[in-house]
Amino acid sequence: MSKQLKIKENNYIQKIDSQLLKNKNISVSIQRDDLIHPLISGNKWRKLKYNLANMQKLGKTELLTFGGAFSNHIHACAAAGKEFGLTTHAIIRGPELDSNNPTLEFAKQCGMKLHVVNRIEYRRRNDDDYLKSLQARFPNAYILPEGGTNSFALLGCAELAKSLPKHDYLICPTGSGGTLAGLIEGSEETTQIIGVAVLKQADYLKKEVGKLSNKADKQNNWQLLTDFHDGGYGKFTPELWQFCQKMSDEHQLPLEPIYSGKMMYALWQLIEKDFFPTGSKIMAIHTGGMQGLNGLRYRGLI
């Protein structure tokens with residue numbers, strides 16, 4: 001990867017000190033990927049890192065991707081475009097957009113070109129024929145899937161797993177399955193890996209993870225928990241939001257209730273229910289996405 005497509009990764013692990021953990025004799029550390037970069041943070045940078053290298057290798061000068069109006073992925077791609085001097089395009093699920101939406105306003109400020117489509121067209125985002133038509137329309141573009149998950153994304157997530165100190169359990173929030181698959185790829189078989197699904201009816205993600213990770217179908221050291229979605233994607237209860245605020249106040253751990261907040265809330269409940277053996281060392285991945293709080297405030301949800 002050339003110098004101009006790199007960022008200095010500010011890797012920081014935070015150890016949580018609480019009476020609950022002392023009582024249970026359990027260690028919880030947080031890989032603070034939200035601190036990698038002010039704007040291109042968390043698993044979004046992990047997924048972008050080797051995709052940008054591949055884009056450069058293919059001689060592409062533009063980045064085209066897909067997302068909803070409040071997408072962390074769109075935010076990160078727009079920021080990467082500004083950071084590295086790339087032309088960026090986003091196919092945005094419409095049919096209508098609020099021009100004051102903070103995520104899209106930021107994307108436009110970064111120079112990202114937004115292409116609004118109706119929901120019928122947006123559903124075709126993974127169709128080969130549709131992608132071929134987009135490639136013909138944007139010949140200089142490197143096309144990245146919604147959420148940034150592909151084989152190159154897994155390389156960055158696997159690299160993260162390999163960089164961590166020794167632990168018994170590794171836990172992450174799971175939306176598309178890419179981060180979980182990458183962590184499986186990069187972890188030792190002795191590590192138990194847990195994904196916390198942030199959306200309803202997420203059992204299908206088990207197959208997706210199996211498709212993405214060669215190791216997933218061969219090893220039984222991972223699981224996806226599907227009962228902690230707290231109402232579905234983008235939804236959360238007052239109790240979850242109170243937990244996020246408590247973690248921020250008591251442990252200086254900022255959380256949003258869509259991804260990492262759900263994961264930490266699930267982890268806390270599991271610890272309380274003695275899911276983990278005494279003496280367990282748990283590593284949790286904070287996948288960033290703190291910009292999502294702006295959208296929640298804008299919509300009056302927090």
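Start your tour by selecting α10 and α11: these two helices are roughly perpendicular to each other (an angle of 65 to 115 degrees). Helices here are DSSP runs of H or I with at least four residues, strands are runs of E with at least two, and both are numbered from the N terminus. You're looking at a predicted model, where local features need pLDDT of at least 70, side-chain atom pairs count only at pLDDT 80 or more, and totals for chains, interfaces and linings use all residues. Residues are numbered from 1 along each chain as its sequence is written, and side-chain values use heavy atoms, with hydrogens and water left out.

Stay with the helices. Residues 238-251 form α10 and residues 260-272 form α11; their axes (lines fitted to C-alpha atoms over the stretch in contact) sit 10 Å apart, at about 90° on a scale from 0 to 180 degrees between N-to-C directions. Now show the side chains where they touch (heavy atoms within 4.5 Å): Glu 239, Leu 240, Phe 243, Cys 244 and Met 247 come from α10, while Gly 261, Lys 262, Met 264, Tyr 265 and Trp 268 come from α11.

Next, pick Thr 149, in the loop between β6 (141-143) and α7 (151-163).

Last stop: strand β1, residues 13-16. Gln 14 and Ile 16 make up its covered face, and Ile 13 and Lys 15 the uncovered one.

Definitions and conventions: Angles under 35 degrees count as roughly parallel, over 145 as roughly antiparallel, 65 to 115 as roughly perpendicular and the rest as oblique. Buried means under 20% relative accessible area, exposed over 50%, partly exposed in between (1.4 Å probe, protein chains only).
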